[in-house]
Amino acid sequence: MAPWGKRLAGVRGVLLDISGVLYDSGAGGGTAIAGSVEAVARLKRSRLKVRFCTNESQKSRAELVGQLQRLGFDISEQEVTAPAPAACQILKEQGLRPYLLIHDGVRSEFDQIDTSNPNCVVIADAGESFSYQNMNNAFQVLMELEKPVLISLGKGRYYKETSGLMLDVGPYMKALEYACGIKAEVVGKPSPEFFKSALQAIGVEAHQAVMIGDDIVGDVGGAQRCGMRALQVRTGKFSDEHHPEVKADGYVDNLAEAVDLLLQHADK
């Protein structure tokens with residue numbers, strides 16, 4: 001690989017994944033990853049623009065931000081790009097009334113959405129709500145529609161909590177795609193529109209930005225397809241550096257190391 005100075009030259013903005021980069025979620029609010037609280041503080045004191053970019057779909061933005069603040073992070077709700085608000089915008093623009101296969105923790109994000117007589121399905125990381133009955137209800141809604149619409153908040157395979165690896169929304173999304181013979185519209189990483197909205201929020205072009213995440217496909221691959229650079233941290237659900245299709249622009253042990261490198265080499 002090229003020297004770090006070349007790989008990070010001209011970076012003006014940073015997109016940060018949350019779960020697996022800042023903290024590991026879990027019972028009692030989860031735990032901050034070592035060095036990540038101070039790393040975020042250092043980034044925000046620098047000239048670099050920072051945006052938090054998450055596929056979290058078990059909590060509202062307000063709940064997620066409150067949890068991170070209790071762990072010591074300097075973060076506000078207005079700094080977070082998350083899939084639920086983006087999905088609500090799509091539903092309103094297209095006149096869609098969803099059957100919501102989602103976690104109760106994120107349901108408040110959809111309070112202003114009409115869910116009567118559903119003409120689409122929104123699926124998210126529903127956790128224990130991924131019962132046979134709820135999946136079959138979603139299946140029946142889709143099969144009764146002339147032009148079925150399935151909107152998925154992310155498509156991750158799994159993520160890490162303090163208790164271990166947990167299935168994400170992706171496998172359930174794929175089950176409905178297969179059963180109904182349709183393709184879901186993904187709202188969240190790795191969707192290009194999702195990354196673009198995060199970049200627009202901080203006024204930075206893709207070639208001036210770097211994504212830092214633990215997911216080689218959703219974070220790294222998605223960002224690179226948008227023209228960004230991407231670093232993968234060896235925390236969260238990181239497994240190895242040898243994905244057959246996606247290669248990060250750099251690998252770091254944790255967010256603290258990534259910030260050290262950015263403050264040394266970026267915006268040069």
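The bridge partner of leucine 231 in strand E14 is glycine 250, and three bridges in total join strand E13 (residues 229-233) to E14, the two strands running parallel; strands here are DSSP runs of E with at least two residues, helices are runs of H or I with at least four, and both are numbered from the N terminus. This is a predicted model, in which local features need pLDDT of at least 70 and side-chain atom pairs count only at pLDDT 80 or more, whereas totals for chains, interfaces and linings use all residues. Residues are numbered from 1 along each chain as its sequence is written, and side-chain values use heavy atoms, with hydrogens and water left out.

The E13-E14 pairing belongs to an open sheet of six strands in the order E5-E4-E1-E12-E13-E14, with parallel pairing, where two strands pair if DSSP finds at least two bridges between them. Its edges are strand E5 (80-81) and strand E14 (250-252), each of which pairs on one side only. Helix H8 (residues 216-225) lies across strand E12 (209-213), E13 and E14, and runs at about 165° to E13; contact means heavy atoms within 4.5 Å, while axes are lines fitted to C-alpha atoms, for helices over the stretch in contact, with angles from 0 to 180 degrees between N-to-C directions.

Turning to the side chains, the structure holds one aromatic pair. The rings of phenylalanine 130 and tyrosine 172 have centres 3.6 Å apart and planes at 5°, so the pair is stacked; rings of Phe, Tyr and Trp (its six-membered ring) pair if their centres lie within 6.5 Å, and planes under 30 degrees apart count as stacked, over 60 as edge-to-face and the rest as tilted. The pair links distant parts of the chain, 42 residues apart, with phenylalanine 130 in the loop between strand E7 (120-123) and helix H5 (132-143) and tyrosine 172 in helix H6 (residues 170-180). Phenylalanine 130 counts as buried at 12% relative accessibility, whereas tyrosine 172, at 21%, counts as partly exposed (buried means under 20% relative accessible area, exposed over 50%, partly exposed in between, with a 1.4 Å probe and protein chains only).

Two loops hold backbone features. A cis peptide bond with omega of about 10° joins lysine 189 and proline 190, and proline 190 lies in the loop between strand E11 (185-187) and helix H7 (192-202). Asparagine 117, in the loop between strand E6 (98-101) and E7, has a positive phi of about 45° although it is not a glycine.
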